[in-house]
Amino acid sequence: MKNILVTGGAGFIGSAFVRYMVEKYPDYNIIVYDKLTYAGNLDNLLPVSDEPNYRFEQGDIADRETIRRVFSQHDVDTVVNFAAESHVDRSILSPDAFIHTDVVGTYIMLDESHKHGVERFLQVSTDEVYGDIEPGEFSVEGDSFLPNSPYAASKAGGELMVRAYHVTHGLNTVITRGSNTFGPYQYPEKLIPFFVTEAIDDRPLPVYGDGMQVRDWLYVDDHAQGIALALFKGEAGEAYNIAGEDNRFNIDVTHRILNLLDKPKSLIKYVPDREGHDRRYAMNCEKLRGLGWERKFSFETAVEATVNWYRDNEWWWRKIKTGEYLDFYKKQYAARLAAADQA
Ligand code: NAD
Ligand code: TYD
């Protein structure tokens, strides 16, 4: 392992992984390959942009020609595939890009990796492939896939192709399935950064349905280090859950954010629910613990650090909340907020 291609490395979790690897492993070359979609942001990589073991290449994971050029130019021996369309609400509004990247793009990365003789391929996946989990139950790696959103289904499709390239072609693959992740540099469309930045501006926080959905919250640095561990120590052909093991109701997370920002509960607006909304995700991550993984950050410490980061780094998110972001906001929230006002 020497030249590691990190697709989607300009996104939220990918950039945390890159910042970690570039600094911790100066002998590895880290090459970021990213299309720079609305979610890709070179500001996330500023802390490492001058490091000698870091390179950036812009491109689409579904574009074979560019991948071939990048593979041979950088003599890539390892691939970590973060690149994805990642937001459930967008997958409901416009699923095409999810099929393009999460399914077709993953297949093309696998096929080119196999042809190029890549030694290790790690696929970054999600707990959402397991679907809605009954209270008291925790998903384990052998459970069947029951994805419910177009996002979850496209990630499950990508994973099945990873399995096929391992079984059919002997590609050395590992899959990680992370839970809901939060922390600095997260695009402000996901629950925590969206609500933090909206609350800073005294704007309404649209809670879907009754707000009693449960998510398993994981700090981004714990997630990135879990992926690194699975990359180094995971067994070929296996999948590993990476869970925060901190299961909370959305409404409790919302209250915590308001409390940390000293904002009133009157900002909360209960709006019509997300279609097909999974009620609960929860995973068991004994298997990764068996490789030596341990979560370092509690939800309480990490959410406070995250709120402070957004408060101190308006330069990062204010310029994002313009243009395309506002188009999405309108499509996703205008009618919902109007319905809440009439209720
Ligand atoms: P993100 O949306 O912040 O970043 C995605 C990155 O992929 C962006 O930099 C984007 O430009 C890039 N990208 C998108 N399409 C591309 C394409 N066709 N070719 C090349 N690059 C492309 O996502 P994230 O939250 O950092 O998630 C990263 C990975 O982790 C994804 O695979 C996601 O499914 C998975 N995951 C995310 C979470 C979470 O809570 N955010 C949890 C578990 C798993
Ligand atoms: P999200 O961050 O989109 O992650 P995921 O859907 O992948 O779990 O949402 C987390 C939870 O918060 C989910 O149950 C949906 C809910 N949610 C809201 O209630 N309002 C919102 O505006 C958003 C973005 C999410």
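Student: Leaving aside its neighbours within four places in sequence, which residues is Val-80 in contact with?

Tutor: Keep in mind that this is a predicted model. Val-80 is among the residues with the most contacts inside the largest nonpolar core, together with Phe-17, Val-18 and Ile-227. Leaving out residues within four places in sequence, the contacts of Val-80 are Ile-4, Leu-5, Val-6, Thr-7, Phe-17, Leu-122, Val-124, Ile-227 and Leu-231.

Student: How many residues does the largest nonpolar core have, and which helix gives the most to this core?

Tutor: The largest nonpolar core has 42 residues. At least two of its residues come from each of strand 1 (3-7), helix 1 (12-24), strand 2 (29-34), strand 5 (120-126), helix 7 (220-233) and strand 11 (238-242). With 8 residues, the element that gives the most is helix 1.

Student: Why does this core lie between domain 1 and domain 2?

Tutor: The domain assignment of the protein chain gives domain 1 (3-182 + 217-242) and domain 2 (191-214 + 246-332), and 47 residues of domain 1 are in contact with 39 residues of domain 2. The core lies between them because residues are given to it by both domain 1 and domain 2.

Student: How far apart do the C-alpha centres of domain 1 and domain 2 lie?

Tutor: For the two domains in the assignment, domain 1 and domain 2, the separation of the C-alpha centres is 22 Å.

Student: Which strands pair with strand 2?

Tutor: Strand 2 is largely enclosed by the rest of the structure, because 5 of its 6 residues are buried. With strand 1 the pairing is parallel over 5 bridges, and Thr-7 stands opposite Tyr-33 of strand 2. A parallel pairing over 5 bridges also joins strand 2 to strand 3 (residues 54-58), where Ile-31 has Arg-55 as its bridge partner. The pairing partners of strand 2 are therefore strand 1 and strand 3.

Student: Why do the buried residues of helix 2 line one face of the helix?

Tutor: The buried residues of helix 2 (residues 64-73) are Thr-66, Ile-67, Val-70 and Phe-71. Viewed down the helix axis, these buried residues fall within an arc of 135 degrees, so they line one face. The face turned away from the buried side carries the exposed residues Glu-65, Ser-72 and Gln-73. As for what covers the buried residues, it includes strand 1, strand 2, strand 3, strand 4 (78-81) and helix 4 (96-116).

Student: Is Thr-254 buried or exposed, and what is its relative accessible area?

Tutor: Thr-254 is found in helix 8 (residues 250-261). Not counting residues up to four places away in sequence, Thr-254 touches Phe-195, Leu-205, Val-207 and Ile-268. Since buried means under 20% relative accessible area, Thr-254 counts as buried, with a value of 1%.

Definitions and conventions. Residues numbered from 1 in each chain as written. Chains lettered and ligands numbered in written order. Predicted model: local features only at pLDDT ≥ 70, side-chain atom pairs only at ≥ 80, totals over all residues. Heavy atoms only, no water. Core = buried A, V, L, I, M, F, W, Y, C linked by side-chain atoms within 4.5 Å. Buried < 20%, exposed > 50% of the residue type's maximum accessible area, 1.4 Å probe, protein only. Helix = DSSP H or I, 4+ residues; strand = E, 2+ residues; numbered from the N terminus. Domains from an automatic or database assignment. Contact = heavy atoms within 4.5 Å. Pairing = 2+ DSSP bridges. Arc of directions from axis to C-beta.
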